[in-house]
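Work through these exercises with the structure open beside you. Try each task before you read its solution.

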Amino acid sequence: MINMDKPGNTPYVSYLKHEGKYKGLLGWLLTTDHKRIGLLYLYAIIVFFFVGAILGLLMRIELIAPGQTIMGPQTYNGLFTIHGIIMIFVIVIPALPAVFGNFFLPILIGARDVAFPRLNLFSFYLYILGAILGVLSQFAGSGPPDTGWTFYVPYSAQSSTNVIYALVAAFILGFSSILTGINFIVTIHRLRAPGMSWFRMPLFPWAIYATAWIQVLATPIVGITLLMVIAERVLHIGFFDPALGGDPVLFQHLFWIYSHPAVYIMILPAMGIVTEIFPTFSQKPVFGYGAIAMSSLAIAFVGYFVWGHHMFTSGTSYASRWVFSFLTFIVAVPSAIKVFNWISTMYGGSIDLKPPLLYAISFIFLFMIGGFTGLTLGSLATNIQVHATSFVVAHFHYIIFGGMGFATFAGIHYWFPKMFGRMYNNKVANIAWGINFVGFNLLYFPQFIIGIQGMPRRYFDYLPQFQPAQVISTIGGFILFSGLVLMLVNLMKAARKGEPAPANPWKGVTLEWQIPSPPPHENFEEIPEIKTKPYLFGTGNNE
Amino acid sequence: MKKITALVILLSGAALAHGQNFVKDNDLSKQVEIGIVEKLGDTIPLNLTFSDENGDKIVLGQLISKPTILCFVYYDCPGICPALQTGVAEVISHLDLKLGKDYQVVAISFNPADTPERAREVKSNYVQKISEEQRKDWHYLTGTQENITAITTAVGYHYIVQGMGFAHPSAIMIVSPHGKITRYLYGVSYLPFDVKMALFESQKGLSRPTINKVMELCFAYDPQSKTYSLQVTRIAGILILFCAIVILGILFLKGRMKSKK
């Protein structure tokens with residue numbers, strides 16, 4: 001175990017109260033403390049998340065009955081586009097690395113901050129700039145973009161709406177992501193505590209490390225691609241638009257070369273979070289440490305080579321279709337390895353069913369539904385049946401919201417006492433979890449069924465036979481939204497006047513639990529020296 | 001003995017096969033009688049004189065002072081010449097370059113029996129979509145057999161007399177302001193993008209807008225598909241990978257930072 005002075009014995013100033021060069025609000029807006037930047041991201045993301053969620057809810061209301069209900073087709077097109085852009089580029093891609101990566105990566109590897117604290121703050125402001133531009137695209141100029149978040153050419157080269165705003169927004173957000181990735185890679189290589197070899201590193205940093213490489217390598221591709229679309233619109237250079245001599249399928253290739261790995265930017269840190277949670281709430285060493293660490297790298301690596309499965313119906317060659325289909329099945333293997341290891345970690349442990357573990361277990365459940373339906377989409381024959389139907393919508397909401405979203409909630413409930421130094425109401429958190437879980441499944445599961453029956457995605461109207469499922473879905477949407485509000489209110493109340501949290505409320509063994517809650521400005525009074533593997537839980541040194 | 005017989009059979013078989021190849025080669029050279037042998041980089045004879053559609057004598061060297069789309073037609077062609085001229089007219093209306101300012105079009109008849117009057121009639125069919133003041137920059141030339149042979153040989157354009165007309169290939173050539181052949185584009189319809197790129201290219205070595213240079217960096221001519229293909233993705237991909245490897249190399253070389261405390 002790590003030798004540290006018992007926290008709480010020595011008086012200290014927490015990062016929340018620390019006063020540096022700037023005081024008050026400026027002390028937050030100009031901070032280079034990784035923890036404060038993490039919280040800035042958290043607040044921004046919560047705001048944008050509720051904007052995106054309300055947009056989603058509006059779409060659900062429109063779909064409660066066939067025909068026009070509350071909006072026309074053009075408004076609907078704008079809504080699903082900006083819902084996608086906000087949710088993907090502003091929330092799920094940056095959220096986990098930017099919030100929990102920033103806050104906990106340095107602490108988990110025993111560092112005082114990230115390698116480039118000022119660059120970190122700069123990334124945050126790029127993020128804000130991009131996010132604001134994204135929202136602005138809804139209001140300024142010639143109407144909300146209506147291309148869908150994928151910006152498929154030729155339509156995005158021709159649509160008269162504000163596509164350029166949205167493209168620039170995504171480009172800037174991409175840069176923020178690249179800089180964060182570089183920062184984390186260097187931090188992990190350079191700033192690990194003495195004695196912390198690669199295989200003594202906790203598994204969340206492993207996941208962040210794999211993620212950071214995807215951010216650095218894949219994001220420039222979409223950046224260049226979006227610039228090319230802008231050049232196409234402004235200078236009429238024929239990259240993608242066939243009318244100008246370009247190749248629209250090339251755009252799809254370039255877009256998905258980034259945007260598929262981007263799915264792993266979302267899900268890998270999510271997996272990292274639940275990997276921290278299972279051992280703590282089972283009070284048992286993590287099962288298969290090496291397998292989990294390596295499967296993160298494997299997912300990141302194989303995830304680069306599956307992009308073509310988005311294009312099975314775009315007229316790509318048969319050879320490329322079966323290769324991409326095969327690779328898609330391969331990427332399921334490391335994902336399954338992780339699932340088996342999490343379950344084996346719980347097996348025989350003394351399980352403490354607190355809110356973080358509830359969310360983590362439901363993460364496995366929802367992620368598996370998302371994963372298996374992903375294989376349905378990855379098989380060539382079934383893909384043709386369900387392509388561009390609400391089956392796809394259900395699939396990726398199960399992965400992104402059910403997977404990444406629920407893991408985020410798990411992470412917030414797990415680390416909340418450390419971040420804010422206060423405890424939340426367990427009972428309310430449990431109730432909110434129940435509402436969220438039921439609401440989520442009611443909202444998205446019916447979409448699988450009507451998707452197979454032929455309900456197309458991105459339509460504001462539908463045949464009457466789909467109405468029962470659509471009504472269930474909309475009811476689920478309201479239930480889920482109320483659960484989210486309850487969860488947020490509970491946490492906000494706790495942040496202001498919850499009971500003070502002890503340093504280690506969950507009996508965790510990783511470094512963040514060895515320092516006071518909330519942590520001091522520079523995390524560690526003295527950088528700890530690491531002598532064992534993580535997650536031993538007093539089972540002795542098995543090295 | 002058997003072995004020798006086998007060898008003889010084998011050899012004669014090989015000779016036969018070779019003979020067939022030879023015949024094929026002959027076929028090929030016959031095909032080149034109708035077709036195009038690219039002469040990229042050659043300069044066309046600028047001293048030749050032709051008549052334009054107004055009947056004025058004109059020397060090629062005087063005419064070619066800007067990037068030029070050159071094409072060969074004959075005015076009574078029942079086949080692909082009208083299609084080719086329609087294709088050129090289409091591409092002119094789609095190009096964002098300005099006819100007359102940025103480039104011009106020269107259509108030369110390879111039928112010595114064609115006259116300026118006939119040229120005028122034919123021209124009026126294809127310039128409908130082009131504004132009045134730009135029409136003069138699409139030249140319709142006629143000339144003597146001697147000059148026609150000189151120019152078609154120089155650009156590698158091979159055709160033969162067949163029945164009442166000619167059998168001939170279909171392509172346009174891009175000629176630089178100095179008379180150098182810089183690109184062949186095949187078929188009867190042309191992508192505005194390809195033509196634009198080709199016109200940009202023909203200005204190589206001359207002063208020209210920067211955007212042209214950027215475009216040339218992004219696209220390269222792919223001789224196999226005979227079209228321009230995107231180059232920038234390859235360059236960018238290699239750059240990204242290179243940077244990543246350098247960063248990783250540095251990080252592994254430097255290892256962990258010595259902690260301050």
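**Exercise 1. A residue in the core**

Task: Leaving aside neighbours within four places in sequence, find which residues Ala410(A) is in contact with. Then place Ala410(A) in its nonpolar core.

Solution: The model is predicted, so keep that in mind throughout.
- Step 1. Now turn to the core. The largest nonpolar core has 170 residues. Ala410(A) is among the four that touch the most other members, along with Met266(A), Val274(A) and Phe363(A).
- Step 2. Look for the main contributor. Helix α3 (residues 73-108) of chain A supplies the largest share of this core, 23 residues.
- Step 3. Look for another core. A second, separate one has 51 residues, including Val91(B), Trp138(B), Val175(B) and Ala198(B).

**Exercise 2. Checking a helix length**

Task: What span should helix α11 (residues 355-378) of chain A have at 1.5 Å a residue, and how far apart are its end C-alpha atoms?

Solution: 
- Step 1. Count the residues: α11(A) has 24.
- Step 2. The expected span uses one less than the number of residues, times 1.5 Å. For α11(A) that gives 34 Å.
- Step 3. Compare with the model. The end C-alpha atoms of α11(A) are 34 Å apart, so the two values agree.
- Step 4. Check the surroundings. α11(A) is mostly covered, with 19 of its 24 residues buried.

**Exercise 3. Two helices side by side**

Task: How do helix α2 (residues 34-62) and helix α4 (residues 117-136) of chain A pack, and at what angle?

Solution: 
- Step 1. Read the geometry. The angle is about 10°, and the axes are 10 Å apart.
- Step 2. Apply the cut-off: angles under 35 degrees count as roughly parallel. Therefore α2(A) and α4(A) are roughly parallel to each other.
- Step 3. List the contact residues. α2(A) brings His34(A), Ile37(A), Leu40(A), Tyr41(A), Ala44(A) and Phe48(A). α4(A) brings Pro117(A), Asn120(A), Leu121(A), Phe124(A), Ile128(A) and Ala131(A).
- Step 4. Sort the residues of this contact: 10 are nonpolar, 2 are polar and none is charged.

**Exercise 4. Where chain B meets chain A**

Task: How many residues of chain B are in contact with chain A? Which helix of chain B gives the most to that side?

Solution: 
- Step 1. Count both sides. 16 residues of chain B are in contact with 21 residues of chain A.
- Step 2. Find the helices. α6 (192-201) and α8 (232-254) of chain B each supply at least two residues of the chain B side.
- Step 3. Pick the main one: α8(B) gives the most, with 5 residues.
- Step 4. Sort the chain B side. It has 10 nonpolar, 2 polar and 4 charged residues.
- Step 5. Return to α6(B). It is mostly covered, with 9 of its 10 residues buried. Among them are Phe193(B), Asp194(B) and Lys196(B).
- Step 6. Step back to the whole of chain B. Its secondary structure comes to 8 helices and 13 strands. Of its 261 residues, 29% count as buried.

Notes: Residues are numbered from 1 along each chain as its sequence is written. Chains are lettered from A and ligands numbered from 1 in the order in which they are written. This is a predicted model: local features need pLDDT of at least 70, side-chain atom pairs count only at pLDDT 80 or more; totals for chains, interfaces and linings use all residues. Two residues are in contact if their C-beta atoms, placed from the backbone, lie within 7 Å. Helices (H or I, at least four residues) and strands (E, at least two) are DSSP runs, numbered from the N terminus. Ala, Val, Leu, Ile, Met, Phe, Trp, Tyr, Cys and Pro count as nonpolar, Asp, Glu, Lys and Arg as charged, and the others, Gly among them, as polar. A nonpolar core is a set of buried Ala, Val, Leu, Ile, Met, Phe, Trp, Tyr and Cys residues joined through C-beta atoms within 7 Å. A residue is buried if 20 or more other C-beta atoms lie within 10 Å of its own, exposed if 12 or fewer, and partly exposed in between; C-beta atoms are placed from the backbone. Axes are lines fitted to C-alpha atoms, for helices over the stretch in contact, and angles run from 0 to 180 degrees between N-to-C directions. Angles under 35 degrees count as roughly parallel, over 145 as roughly antiparallel, 65 to 115 as roughly perpendicular and the rest as oblique.
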